[in-house]
Amino acid sequence: MNKRLLSLAFGAAVAGVVAVSTSASATGAAGAVLTVGSPTGPAVAAGDSLAASLATGTTAKIATTAGGSSGITCNTSSFAATANTNPASPGTATETVTAHTLANCTTNIIGATGVQSITVNNLPYKASVTSGGSLTVSAGTAGPIQTTLKINTILGAITCVYQAGNLTATPANGDNSLTFKDQLFSKTSGPATCPGSGYFSAKYAPVTDVSQGNGLVFVN
């Protein structure tokens, strides 16, 4: 069975996990799309806080080309989300991605000497996760999925802004992870020294339900 939620962006990045529907009680019901502790555990409840950081030993990357080695690498990243609806499986659960951070970043982009900051803009985002293992992050009411990069270069500091359409990730129950791979962000503003595109990849694990004792989240 596939697993977890996010929630990112970057542009993120993010994603999260999700809540109970009207057919599942606040204390949980077996058979929900999102459960806690095991695939047959209690349902993730509406309003539950969900969170995850990078899987141990991994980094978040923003490559200038899909699968490329040039770009930005971040050693710290996490997301937080709030569960909204969580119907019986098979079905689609929904959530709100409330935070997505990337920090402790380095770069090997030609001409760049360091990364000042990466900020995920226009939060919160919407997210949905379906039985069978697909997570989609989409823009919320604040605006498009967007990330602002401040990068030091040999000519001084520059600001690069990138936007994305819907982002997709794959949950996996084996390690309660959520994996984004080569999610495209396109430059919307910034000097010519900003790369034209950024491809976001990251693995978050484990996704937990903070409201239910940091229990592991499963997707059914």
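This section describes a predicted model of one protein, from its confidence values to its strands, core, disulfides and some individual residues.

The mean pLDDT of the predicted model is 89, and 86% of the residues reach 70 or more. Residues 1-30 have a pLDDT below 50, although in the model this stretch makes 183 contacts beyond near neighbours in sequence. Where pLDDT is low, the predicted coordinates should not be read in detail.

E11 pairs with strand E8 (residues 112-121) in the antiparallel sense, over 8 bridges. Within this pairing, Thr119 stands opposite Thr148 of E11. E11 also pairs with E12, again in the antiparallel sense, and here there are 9 bridges. Thr147 has Tyr162 in E12 as its bridge partner. The strands E11 and E12 form a hairpin, with 2 residues between them. In a regular strand the side chains alternate between the two faces of the sheet.

The largest nonpolar core holds 47 residues, of which Ile72, Ile118, Phe180 and Phe200 touch the most other members. Strand E6, residues 71-85, supplies the largest share of this core, with 5 residues. When neighbours within four places in sequence are left aside, the contacts of Ile72 include Ala60, Lys61 and Ile62. Further along the chain, Ile72 is in contact with Cys105, Thr106, Thr107 and Ile109, as well as with Val115 and Ile118. Leu149 and Ile151 are also among the contacts of Ile72.

The model contains 2 disulfides. One of them joins Cys74 to Cys105, with an S to S distance of 2.1 Å. The angle about the S-S bond of Cys74 and Cys105 is 105°, and the link is right-handed. Both Cys74 and Cys105 are buried.

Cys160 and Cys194 form another disulfide, and their sulfur atoms are 2.0 Å apart. Cys160 lies in strand E12 (residues 156-164) and Cys194 in the loop between E14 and E15; the two cysteines are 34 residues apart, and the pair links distant parts of the chain. The torsion about the S-S bond of Cys160 and Cys194 is about -85°, and therefore this disulfide is left-handed. Cys160 and Cys194 are both buried. With the bonded cysteines of the protein numbered in sequence order, the pairing is 1-2, 3-4.

Most residues other than glycine have a negative phi, and most peptide bonds are trans. The peptide bond from Ser89 to Pro90, however, is cis, with omega near 0°. Pro90 is placed in the loop between E6 and strand E7 (92-107). Ala205 and Pro206 are likewise joined by a cis peptide bond, with omega about -10°. Pro206 is in the loop between strand E15 (197-204) and strand E16 (208-209).

Positive phi values occur at Asn104, where phi is near 55°, and at Asn176, where phi is near 50°. Asn104 is situated in strand E7, whereas Asn176 belongs to the loop between strand E13 (167-172) and strand E14 (177-189). Asn104 counts as exposed because its relative accessibility is 52%, over the 50% cut-off. Asn176 has a relative accessible area of 5% and is therefore buried, the limit being under 20%.

Asp48 also lies in a loop, between strand E3 (34-36) and strand E4 (49-53). The relative accessible area of Asp48 is 8%, so this residue is buried. The side chains of Asp48 and Gln212 are joined by a polar contact of 2.9 Å. Apart from neighbours within four places in sequence, Asp48 is in contact with Ala81, Thr82 and Ala83, and also with Asp209, Ser211 and Gln212.

Terms used
Residues are numbered from 1 along each chain as its sequence is written. This is a predicted model: local features need pLDDT of at least 70, side-chain atom pairs count only at pLDDT 80 or more; totals for chains, interfaces and linings use all residues. Side-chain values use heavy atoms; hydrogens and water are left out. Helices (H or I, at least four residues) and strands (E, at least two) are DSSP runs, numbered from the N terminus. Buried means under 20% relative accessible area, exposed over 50%, partly exposed in between (1.4 Å probe, protein chains only). A polar contact is a pair of N or O atoms within 3.5 Å; within protein, one must be able to donate a hydrogen and the other to accept it, and residues adjacent in sequence count only if both atoms are side-chain atoms. Contact means heavy atoms within 4.5 Å. A nonpolar core is a set of buried Ala, Val, Leu, Ile, Met, Phe, Trp, Tyr and Cys residues joined through side-chain atoms within 4.5 Å. pLDDT is the predictor's confidence in each residue, from 0 to 100. A disulfide is a pair of cysteine sulfur atoms within 2.5 Å. Two strands pair if DSSP finds at least two bridges between them.
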